[in-house]
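Dear colleague,

Please read the notes alongside the coordinates.

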Amino acid sequence: MRDMGKTMKKKWLLSMLTVVLVVAFLLAGCTAGQANEPAVSGKTVLKTALSEYTDKEILARVALYCDYYGVEEDALKEDTQIWNRLIEGIVNDYAFVDMAAAMAEESGIPVPDAQSEEVETVFGQLLTEIDGVIQKNAQEPLEGEALLKAEDEYMAGLGFTREEYRGFAQRKVTSALLQREWGKDIEITEEELQSEYQANLDAQKQYMDIDPVYAVNFIKKGEQAVVYYPQGLKYIKSITVPLDAETRGKAAILYNEGKMRDYNILLEEAVAALEPEIEEIRAKLQSGTPFEELMGEYGADGQEGQLVSEADTKMITDFQKAVKELQNVGDVAECDTYEGHHFIQYSAEVKPGAVPLDEVSEALKQGILQKKAIASYEQKMLQALNTAKEAGTVVLDFDSLMLEEAENA
């Protein structure tokens with residue numbers, strides 16, 4: 001059982017200059033250096049046929065990304081190459097997206113309706129980023145009109161009204177459709193497939209073996225082919241007999257503050273009150289009632305099963321211990337936590353080690369195709385952007401946001 005979680009949206013509808021990859025690059029590549037500051041005056045740094053963006057709005061987008069993905073903005077500025085690449089990427093992305101409709105028309109691709117499901121998906125993703133930052137910085141959770149007002153204020157800082165932001169989402173979908181169209185004829189060689197498999201295997205083995213939380217999150221997201229499984233992964237299903245809300249709150253505070261004596265006393269008394277229902281479930285399990293049937297009857301934490309790692313210290317301690325006790329598929333363990341009393345079933349095995357290439361080849365091919373399509377898209381869009389700059393239909397002037405290279409010591 002986890003204390004919190006996150007969800008992800010559809011893959012191909014996201015920006016071609018995907019922020020997740022940019023931030024992953026930033027985290028992997030930051031080096032120490034002399035920080036300096038971009039010059040900000042409120043001037044227009046990008047002007048297209050559809051929109052204008054100021055330096056403040058570009059930096060507001062940087063702040064959004066940093067807040068949402070948990071990256072310190074000052075840390076980015078310590079490496080001028082990374083900062084400048086991010087700024088250029090954001091500006092180019094805005095320009096590409098604004099140019100997408102005209103280029104889609106040239107390629108015979110219809111622009112999706114602003115109210116279509118595809119646009120709604122991307123608009124929802126954009127709002128999810130904003131909502132994540134708003135809720136993280138709010139003194140208490142916002143909802144309803146208060147959340148809508150906070151969203152509108154945040155979007156205004158980015159340079160958009162709500163309808164303009166939906167239009168931006170519409171253009172991002174158009175941009176994605178354009179990329180897919182241009183990538184239809186891309187081919188993959190056997191050597192490329194083998195190379196991609198080995199690169200993924202080396203990287204996944206390196207990170208998954210040392211970080212079980214990374215392994216579980218990576219597999220759950222399903223954004224890339226999984227070619228390696230570390231030791232200690234299991235699929236579990238669970239039924240929780242919950243404590244009342246007040247007791248859960250008190251117990252959670254004691255647990256998080258490390259006051260384990262008081263926590264255990266409170267938990268023992270609280271769980272004792274749940275004993276009739278606990279015994280009822282226990283008796284049904286012992287009589288052979290299928291676990292899934294009881295999940296439907298008593299409520300469950302996940303009908304499809306939850307992937308966990310025995311080494312995941314983010315799980316509540318007693319829940320983690322119970323997971324470790326499960327040795328064979330079908331086994332059931334019990335434990336008490338500040339959430340209540342848990343029945344945990346080992347529902348499916350995860351075989352550790354490398355996944356054979358023939359089992360993941362199609363997924364790997366999709367990844368290669370996506371990377372090649374993105375590269376082709378970016379090349380064509382950069383060519384179109386340069387042409388538009390020469391013609392004066394796009395104006396770029398963002399040098400003031402770029403940081404100067406620090407002198408080597």
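In what follows, helices (H or I, at least four residues) and strands (E, at least two) are DSSP runs, numbered from the N terminus, and contact means heavy atoms within 4.5 Å. Axes are lines fitted to C-alpha atoms, for helices over the stretch in contact, with angles running from 0 to 180 degrees between N-to-C directions. Two strands are taken to pair if DSSP finds at least two bridges between them.

The model is predicted, with local features requiring pLDDT of at least 70 and side-chain atom pairs counted only at pLDDT 80 or more, while totals for chains, interfaces and linings use all residues. Residues are numbered from 1 along each chain as its sequence is written, and side-chain values use heavy atoms, with hydrogens and water left out.

I begin with the three-stranded sheet, which is open, has the order β2-β1-β9 and is paired in the antiparallel sense. Its edge strands, β2 (52-54) and β9 (395-396), each pair on one side only. Strand β1 (residues 44-47) is joined to β2 by three bridges, and L46 has Y53 in β2 as its bridge partner. Helix α2 (residues 55-69) lies across β1 and β2, at about 75° to β2, whereas helix α4 (residues 80-106) lies across β1, β2 and β9, running at about 30° to β1.

The other sheet, also open, has four strands in the order β5-β4-β7-β6, with antiparallel pairing. β5 (306-309) and β6 (332-337) stand at its edges with a single partner strand each, so one side of each is left without a neighbour in the sheet. From one strand to the next the twist averages 45°. Six bridges link β6 to strand β7 (residues 340-349), and T337 stands opposite G340 in β7. Helix α9 (residues 212-221) packs on this sheet, touching β4 (233-242) and β5, and its direction makes about 160° with that of β5.

Finally, there is a helix pair: the axes of α12 (residues 275-286) and α13 (residues 291-298) come within 10 Å and cross at roughly 155°. The two helices are therefore roughly antiparallel to each other, a label used for angles over 145 degrees. In their contact, E277, E280, I281, K284 and L285 of α12 meet F291, L294, E297 and Y298 of α13.

Best regards

Conventions
Parallel < 35°, antiparallel > 145°, perpendicular 65-115°, else oblique.
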